[in-house]
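I set down here what I looked up in this structure, entry by entry. I began with the meeting of the chains and then turned to a sheet.

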Amino acid sequence: MTAAIEATGVTRRFGSLRAVDDVTFSIEEGAICGLLGRNGAGKTTLMQLLTGQDFVSAGSISVFGQSPVENASVLQNVCFIKESQKYPEDFKVKHVLKSAPWFFQNWDADFADQLVEEFRLPQGRKIKKLSRGQLSSVGVIVGLASRAPLTIFDEPYLGLDAVARQLFYDRLLADYALHPRTVVLSTHLIDEVSNLLEHVLVIDNGRIIIDDSADNLRGSATAVVGTKAAVDEFARNRQVLHRDNIGGISSATIGTLSDDDRKAAAAAGLELSAVSLQQLIIRKTGTTEKEIEFSA
Amino acid sequence: MTTTTLPTPARSALARILTVARLHFVNKGQIIVVPWLIMSFIFAVTLIIGWILRSSLSAADLAEAGSGMQYSGAIGYFLVYMLVIAVMAISQTFPFAQSYSATRRDFYLGTIVAFTTLSLAYSTAVTVLGWLEDLTNGWGLGVVLFSPGYLSSNLLERFYVAFVLFLFFFMMGIAVASVYVRWRVNGMLIFFASLAVVILGLVALATVTGSWGAVGAWFVAMGFLGVVSWTLVPTVLAAIVGYLLLRGATPRN
């Protein structure tokens with residue numbers, strides 16, 4: 001397996017704040033990787049470091065085997081779509097679509113036109129007059145049509161409605177199948193994208209707290225529901241990530257279960273159910289569900 | 001894990017720089033159409049004033065009005081406009097070009113190429129219009145817009161003066177905007193405070209040493225052309241400082 005991105009001991013300090021704190025990970029080439037975490041966790045800073053837009057305070061980053069900082073031959077393979085992207089004054093949508101192909105060698109103009117139509121983007125309108133959702137779709141279209149070998153989306157769909165988001169997921173998956181590339185997707189909407197992701201990185205307080213394949217993660221926790229006494233008994237000596245009690249009924253999120261564990265749970269009259277990726281990340285980052293949902 | 005080779009073939013530095021230069025021209029409305037529309041309006045107003053004067057004043061008063069117009073400079077409007085263009089190129093097009101994965105170096109050199117091209121184009125236009133103005137004796141109405149009295153009648157010299165001034169305003173815009181992009185509002189405050197202190201210091205120095213006479217004599221000795229040529233020093237310095245600042249800048253929100 002080859003790595004598109006390798007980060008070793010990467011730290012980015014702003015004064016006394018460590019926005020990214022001694023982070024080491026790699027992202028495999030040709031995978032869709034989710035970079036998840038709360039607001040202010042360090043996601044955007046990390047992505048800016050990966051794309052040479054910001055400078056590490058310590059550690060090293062390699063993208064396609066080389067440092068990305070001021071490295072044109074690496075960066076021409078990278079497309080970084082930011083939620084907060086600035087556009088030049090009075091730029092129109094058509095100006096973006098006209099200039100983007102000059103910078104991205106794999107740009108597919110037909111695909112871009114198709115996306116403009118599907119996202120119903122008015123080409124002649126000024127960027128600053130676009131709605132929040134339309135602004136996001138400009139970024140999404142550039143990110144998809146550029147077909148950059150490394151495409152990074154940072155919260156790409158702020159303000160996009162459910163239909164447009166689904167359109168983005170569908171086009172991303174279909175185009176990714178035809179033109180495999182490395183995609184890093186940072187988002188709050190974890191459950192919406194969880195089926196897309198092959199690998200998950202979770203960052204919290206500048207540190208990577210989860211770095212695992214999505215499949216492993218899905219199997220790494222199970223919700224156990226039953227009477228309080230039965231759950232207490234079952235949870236003893238097992239790793240409990242979370243616990244809820246309502247009346248006499250209790251629910252516990254337990255770490256990886258073996259087949260024997262499952263049989264034991266069934267015998268004790270407990271119900272087992274899968275934990276969603278979002279639930280799992282909330283449990284592991286100690287966040288309440290509301291915080292993640294409303295921070296988007 | 002093995003490292004990979006780069007997925008796409010590298011482009012030449014020249015191709016990358018010219019690509020950035022093109023980016024500055026993609027929205028022609030802002031750098032060509034709007035300034036010329038405004039200039040056309042100024043031109044029209046000047047012509048109408050010229051016509052009103054011509055149809056109402058005596059020959060003697062007309063001559064006096066004509067000499068008063070000798071200091072009207074259309075070029076001044078273009079210069080200020082280009083300063084604004086340069087500021088916007090650094091504060092807005094720079095973060096945008098970063099999203100297109102252009103390096104800071106390629107962006108900066110491409111920007112210099114774009115602005116030098118614009119300077120050439122605008123200097124040529126202003127020189128040609130000045131020549132036409134002289135040829136038609138002030139567009140047949142004795143008005144002065146493109147050929148103010150302080151410019152020489154030598155067209156080559158006029159072109160040189162315009163070109164050097166355009167470069168000066170562009171590079172000043174680049175340098176000041178680079179301070180902003182690098183250090184944001186605090187940078188601007190410190191920059192303008194320092195500038196004020198330096199200018200005050202120079203004024204104090206000239207006053208205390210009683211050398212205002214020498215300063216005046218220097219400007220006289222240099223002449224208009226000489227002073228314009230001397231602006232090349234701050235122009236080049238601003239270009240270098242702008243690069244050094246932008247090299248460490250991060251596109252923030």
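Entry 1. A polar contact is a pair of N or O atoms within 3.5 Å; within protein, one must be able to donate a hydrogen and the other to accept it. I note that the model is predicted. With that rule I searched the interface of chain B and chain A and found 19 residue pairs in polar contact, both residues at pLDDT 80 or more.

Entry 2. I asked which elements give two or more residues to the side of chain B that touches chain A. They are α1 (13-25), α2 (28-56), α4 (74-99) and α5 (104-135) of chain B. The largest share, 8 residues, comes from α4(B). By class, I recorded 15 nonpolar, 17 polar and 10 charged residues on this side of chain B.

Entry 3. I looked up the extent of the contact: chain B contributes 42 residues and chain A 45 residues. The area buried between the two chains is about 3900 Å², and carbon and sulfur atoms give 57% of that area.

Entry 4. I searched for salt bridges across the interface, and the rule finds 1. I found the side chains of A:E70 and B:R104 in a salt bridge, at 3.3 Å from N to O.

Entry 5. I turned to chain A, where 4 strands form an open antiparallel sheet in the order β11-β12-β10-β13. Its edge strands, β11 (240-246) and β13 (271-274), each pair on one side only. I noted an average twist of 20 degrees from one strand to the next.

Entry 6. I followed one pairing within chain A: 6 bridges join β10 (residues 222-227) to β12 (residues 249-254), and these strands run antiparallel. For A:G226, I found the bridge partner in β12(A) to be A:S250.

Key:
Residues numbered from 1 in each chain as written. Chains lettered and ligands numbered in written order. Predicted model: local features only at pLDDT ≥ 70, side-chain atom pairs only at ≥ 80, totals over all residues. Heavy atoms only, no water. Pairing = 2+ DSSP bridges. Axes fitted to C-alpha atoms, helices over the stretch in contact; angles between N-to-C directions. Contact = heavy atoms within 4.5 Å. Buried area = accessible area lost by both parts, 1.4 Å probe. Salt bridge = Lys/Arg side-chain N within 4 Å of Asp/Glu carboxyl O. Polar contact = N/O pair within 3.5 Å; in protein donor to acceptor, adjacent residues only side chain to side chain. Nonpolar A, V, L, I, M, F, W, Y, C, P; charged D, E, K, R; others polar.
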